[in-house]
Amino acid sequence: MMNTLSENNQPPAVTVSGLSKHFGRVRAVDDVTLTIPAGGVYGLLGPNGSGKTTLLSMLTGFLHPTAGTISLLGETGSAGQRAARRHIGTLIERPTFWPYLSCRDNLRCLQGIYASHSGDGEIEELLATVNLDGDAATRKFRACSTGMKQRLGIAATLLGNPSLLILDEPTNGLDPAGIVEVRELIRDLAGAASTGNGKPRTIILASHLLNEVEQVCDHVGVMARGKLLYSGPLSEMGTTSAFGRVHICTTDNERAANLLSETGWELIDQSEDGLDVAVTPGREWEISRDLANVGVYIAELRPLSGSLEAGFMSVTGESGGDNQ
């Protein structure tokens, strides 16, 4: 599993196996096995208390796992993970800086802490990347808006041109314009051609905003109660056996609805236009068979594309709102 290559012939950015973190009797993360491919944006979704932040904190080394193994950028073991973490930029929850220093000077201080020798050129480039150049660069952190603070936090994660960015709720507290700005920034960062160690850039984005994840991410994972319930390409979220559905129109829709319900099919919706039925892809013919057995015939059958919201609600059993 550790040697699996991503589609771009790179080892996965992250591989965890049997990862757990217990706080007394609370299993914050419970036996999670997960592979995040190199390159692109991986969205991590889950209700409040699902274990997302705890999982990310173990990846970054802020927390020590109770059990399980971690591979980062192809590196395993304590020494390998320490080396890999030099190529990881992290923003967990809200960014914290020296309040009396300017945006520019905060980054300079971090450069010193990280023993970076890139100089002011790197800082000016990063400030421009997150739209904090010009007068904004001289503003003291305590006088910055929430959006400016979040963007400065992202700039700090980019010091040293890391291969893996871990962003925990980077749009939290932002107004709609700020959310759009950060979303576009994440897209641009994911498209970077090369990073400090020559690997494709991977971004892990933990967010409760389903719409944002749907617009930005390539792959998605869903957590609840400390467990990983789904992980895979976003494009397949609505076509897996858990979320597949079809729309049918028959010679007798009312009779068809009664029959399908009686024979165990899940009827999602019924209208004058026809019926929406949950079905495992590849088994659509069984609907036609069951209806034909009682003299009801299908005039139209077409697949319905699933949505991230529908998939999220299905695997978590939660409503779509206010999940963190």
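I started with Glu-169, which sits in the loop between β6 and α6 (176–190). Its phi is positive, about 50°, and it is not a glycine. Most residues other than glycine have a negative phi, so I flagged this one.

**Asp-31**

I found another positive phi at Asp-31, about 55°, and again the residue is not a glycine. Asp-31 is placed in strand β2 (residues 26–36), whereas Glu-169 is in a loop.

**Confidence**

I checked pLDDT before going further. The protein chain averages 84, and 85% of the residues score at least 70. Over residues 1–5 the pLDDT is below 50, and I see 13 contacts for this stretch beyond near neighbours in sequence. For residues 319–324 the pLDDT also stays under 50, with 19 contacts in the model beyond four places in sequence. Where pLDDT is low, the predicted coordinates should not be read in detail. I left both stretches at that.

**The sheet**

Next I traced the open sheet. Its six strands come in the order β5-β6-β7-β3-β8-β9, with mixed pairing. β5 (88–91) and β9 (227–233) are the edge strands, each pairing on one side only. Neighbouring strands are turned by 15° against each other on average, direction ignored.

I went through some of the pairings. β6 and β7 are parallel and share five bridges; there, Leu-167 has Leu-205 of β7 as its bridge partner. β3 (residues 40–45) is also parallel to β7, again over five bridges, and Val-41 stands opposite Ile-203 in β7. β8 (residues 219–224) runs antiparallel to β9, to which six bridges join it. In that pair I put Gly-221 opposite Ser-231 of β9.

**Strand β7**

How many of the five residues of β7 are buried? I count five of five for this strand, residues 202–206, so I wrote it down as mostly covered. In a regular strand the side chains alternate between the two faces of the sheet. In β7 I see Thr-202, Ile-204 and Ala-206 pointing one way, with Ile-203 and Leu-205 pointing the other.

**Cores**

I looked up the nonpolar cores next. The largest has 42 residues, and those with the most contacts inside it are Val-41, Leu-107, Leu-127, Leu-152, Ile-154, Ile-186 and Ile-203. α6 gives the most to this core, six residues. A second, separate core of 25 residues includes Tyr-42, Leu-56, Ile-70 and Ile-166.

What does Ile-186 touch, leaving aside its neighbours within four places in sequence? I get Val-41, Leu-167, Pro-170, Ile-203, Leu-205 and Val-216. Two pairs from the sheet turn up in that list: Val-41 and Ile-203, and Leu-167 and Leu-205.

**Helix α5**

α5 (residues 146–157) lies across β5 and β6 (164–168), running at about 160° to β5. I get 17 Å from its first C-alpha to its last over twelve residues, close to the 16 Å expected at 1.5 Å a residue. Why did I call α5 largely enclosed by the rest of the structure? Because ten of its twelve residues are buried. The buried ones include Arg-151 and Gln-150, along with Leu-152 and Ile-154. I also listed what these buried residues pack against: β5, α3 (103–113), α4 (119–129), β6 and α6.

**Ser-163**

Ser-163 is in the loop between α5 and β6. I noted it as buried because its relative accessibility is 0%. Ser-163 and Gly-89 are 74 residues apart in sequence, yet I get 8.0 Å between their C-alpha atoms.

**Helix α8**

Last, I looked at α8 (residues 253–262). Its buried residues are Asn-253, Ala-256, Ala-257, Leu-259 and Leu-260. An α-helix has 3.6 residues a turn, so residues three or four places apart point the same way. The cover over the buried residues of α8 includes β10 (245–250), β11 (266–271), β12 (274–278) and α9 (284–292). After α8 comes Gly-264, and I read its phi as positive, near 100°.

Notes
Residues numbered from 1 in each chain as written. Predicted model: local features only at pLDDT ≥ 70, side-chain atom pairs only at ≥ 80, totals over all residues. Heavy atoms only, no water. Pairing = 2+ DSSP bridges. Helix = DSSP H or I, 4+ residues; strand = E, 2+ residues; numbered from the N terminus. Axes fitted to C-alpha atoms, helices over the stretch in contact; angles between N-to-C directions. Contact = heavy atoms within 4.5 Å. pLDDT = per-residue confidence, 0-100. Buried < 20%, exposed > 50% of the residue type's maximum accessible area, 1.4 Å probe, protein only. Core = buried A, V, L, I, M, F, W, Y, C linked by side-chain atoms within 4.5 Å. Expected span 1.5 Å × (residues − 1).
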